[in-house]
Amino acid sequence: MANVKCSIPKGTRDFLPLEMARRNYIFDTIRSVFRAFAFEPIETPSLENLSTLMGKYGEEGDKLLFKVLNSGDFMEGVDFHQDYHKVAPQICDRGLRYDLTVPFARFVVQHRDQLAFPFRRYQLQPVWRADRPQKGRYREFYQCDADMIGSTSLLNELELVQMIDMVFTKLGINVCVKINNRKVLAGIAEMIGAPEKIVDITVAIDKLDKIGLDGVCAELSERGLTDVQIQALGPVFALSGDTGTKLAALDGMFANVEVGKKGAAELNELFSLIAAAGISNRVELDLTLARGLNYYTGAIFEVKALDVQIGSICGGGRYDNLTGIFGMPDVSGVGISFGADRIYDVLTELDRFPADLAHSARVMFINFGPAEQAACVAIAARLRAQSIATLVYPDAAKMKKQMDYANRRAVPFVAFVGESEMRDGTVTLKDMATGSQETLTIAQLIEKLR
């Protein structure tokens, strides 16, 4: 039998123990903030019906959905000479989830009688996108979401900004929280005489950081906007100054555009709440922020790390009727999603992970033989009962082999229990960093390691 090359699909990764310890540090930090704001945990399946997913993420999002072939003879009776978009629904009726928000909307509708509204949920699970793998962009990655649904209060948006601030302060990452409002973008589209082109405008503007202003203008032209309409967007891109200055300019621009005025009013109220809350990280109004997902209807958020060149590490927004497509109309929600994988890359580049994450074990007992092993097992049980991570080396191997193992595992302390220690009821403890040794009673050992 031929050897099979060991590999994994592009855009996916294995995680070694240290990497997992660091990832769990991120997850635990985010989870602790979610809990501090009284969000409740849920989970949804990796697979969703394609009817649940399709049409919710825009044209480009639909292309990035991983579709799963039906089981059995899925090719029977299918005319493969048809267009792909006609063939796909016949051979695939399920897909891997693209994000956690659309499945959450389905979840809310399906379990509405079991939930208390406004419902606040958090969810930490992987999602999949058939994207081109590159730095900071993977085909399988984790999202850490928090959503409130069943309330239109802008206090919800404020709390999301507070959560963003708290998470990144705890992680030691300096960020800028960018905020816009989709009603403002709709107002801009109406102002330039292209209200029916709102989706085309937001999809193009959302690429401003990647392709620049000239690239955005070229794409808008390809999407059917006239030169006059594209030129009319110039004053929007040219707006400068602080948030108050930009909001004042919007009030003038939207004098006769109701949807734009409403969006500007929401931004005014939200930034007033943020100012009163005393957010420590930078928060700014960015009128070019679009977030290309079609379901957003109000405030939108994007978070950028200030000290590392990478894409957004958190984002989200308000969606007014996402549950309506599943038969539960007029239920507004708002949420954010932390990109754990990009946060990992930022913390790695900044070297901000706590050093003790490498220590999966606090102490390792050297194994001298059957009698000593029995004594070590008994002491180890007492340490573990005090939540002290403890190893007993499984074999009475040579001392060098056991010490090398402790070094490879980055164990900070090694414990010796020989004849004299067994007689006296003590343990000799070696600090692997300094090389110093001391003999301790079991109570002293517990206190030292704890």
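**Charged contacts, aromatic pairs and packing**

With a relative accessibility of 25%, Arg94 falls in the partly exposed class. The model described here is predicted. The partner of Arg94 in a salt bridge is Asp93, and the closest nitrogen and oxygen atoms of the two are 3.1 Å apart. Asp93 is likewise partly exposed, its relative accessible area being 39%. The structure contains 21 salt bridges, and the contact between Asp93 and Arg94 is one example.

A further salt bridge joins the side chains of Asp28 and Arg31, with 3.1 Å from N to O. These two residues belong to helix H1, which covers residues 17-36; because they are three residues apart in that helix, about one helical turn separates them. Asp28 has a relative accessible area of 44% and is partly exposed. Arg31, at 23%, also counts as partly exposed.

The salt bridge between Arg121 and Asp145 has a distance of 3.9 Å from N to O. Arg121 is part of strand S5 (residues 119-128) and Asp145 is part of strand S6 (residues 140-149), so this contact ties together parts of the chain that lie 24 residues apart in sequence. A residue counts as buried when its relative accessible area is under 20%. Arg121 has a relative accessibility of 0% and is therefore classed as buried. Asp145, at 1%, is buried as well. Salt bridges also link four residues into a network, namely Lys178, Arg282, Glu284 and Asp286.

Aromatic side chains were examined next. A pair of rings is described by how far apart the centres are and by the angle of the planes. The count of aromatic pairs is 11. In one of these, Tyr25 and Phe353 are arranged edge-to-face, with 6.1 Å between the centres and 65 degrees between the planes. The two residues come from distant parts of the chain, 328 residues apart: Tyr25 is in helix H1, while Phe353 is in the loop between helix H14 (340-350) and S12. Tyr25 and Phe353 are both buried.

Phe27 and Tyr142 make another pair, with ring centres 5.1 Å apart and planes at 45 degrees, so the arrangement is tilted. Because Phe27 is in helix H1 and Tyr142 is in strand S6, the pair connects parts that are 115 residues apart in sequence. Phe27 is buried, at 8% relative accessibility, whereas Tyr142 is partly exposed, at 28%.

Arg13 lies over the face of Tyr138, 3.6 Å from the centre of the ring. Arg129 places its charged end over the ring of Tyr98, at 3.9 Å from the ring centre.

Helix H7, formed by residues 182-191, is mostly covered, since seven of its 10 residues are buried. The buried residues of H7 are Arg182, Lys183, Val184, Leu185, Gly187, Ile188 and Ala189. The elements that cover them include two strands, S7 (175-181) and S9 (299-305). Helices H8 (198-205), H11 (234-238), H12 (243-253) and H13 (258-277) are also among the covering elements.

The last part of the description concerns a sheet. In a sheet, strands pair through backbone hydrogen bonds, and the pairing is either parallel or antiparallel. Here, five strands form an open sheet with mixed pairing, in the order S13-S12-S14-S15-S16. Strand S13 (390-392) and strand S16 (437-441) are the edge strands, each pairing on one side only. From one strand to the next, the twist averages 30 degrees. Within this sheet, strand S12 (residues 363-365) pairs with strand S14 (residues 413-416) in the parallel sense, over three bridges. Val363 is placed opposite Phe413 of S14.

Helix H15 (residues 370-385) packs on the sheet and touches S12, S13 and strand S15 (426-431). The direction of H15 makes about 170 degrees with that of S13. Helix H18 (residues 442-449) lies across S12, S14, S15 and S16. Relative to S16, helix H18 runs at about 120 degrees.

How values were computed:
Residues numbered from 1 in each chain as written. Predicted model: local features only at pLDDT ≥ 70, side-chain atom pairs only at ≥ 80, totals over all residues. Heavy atoms only, no water. Pairing = 2+ DSSP bridges. Helix = DSSP H or I, 4+ residues; strand = E, 2+ residues; numbered from the N terminus. Axes fitted to C-alpha atoms, helices over the stretch in contact; angles between N-to-C directions. Contact = heavy atoms within 4.5 Å. Buried < 20%, exposed > 50% of the residue type's maximum accessible area, 1.4 Å probe, protein only. Phe/Tyr/Trp six-rings, centres within 6.5 Å; stacked < 30°, edge-to-face > 60°. Lys NZ or Arg CZ within 6 Å of the ring centre and 35° of its normal.
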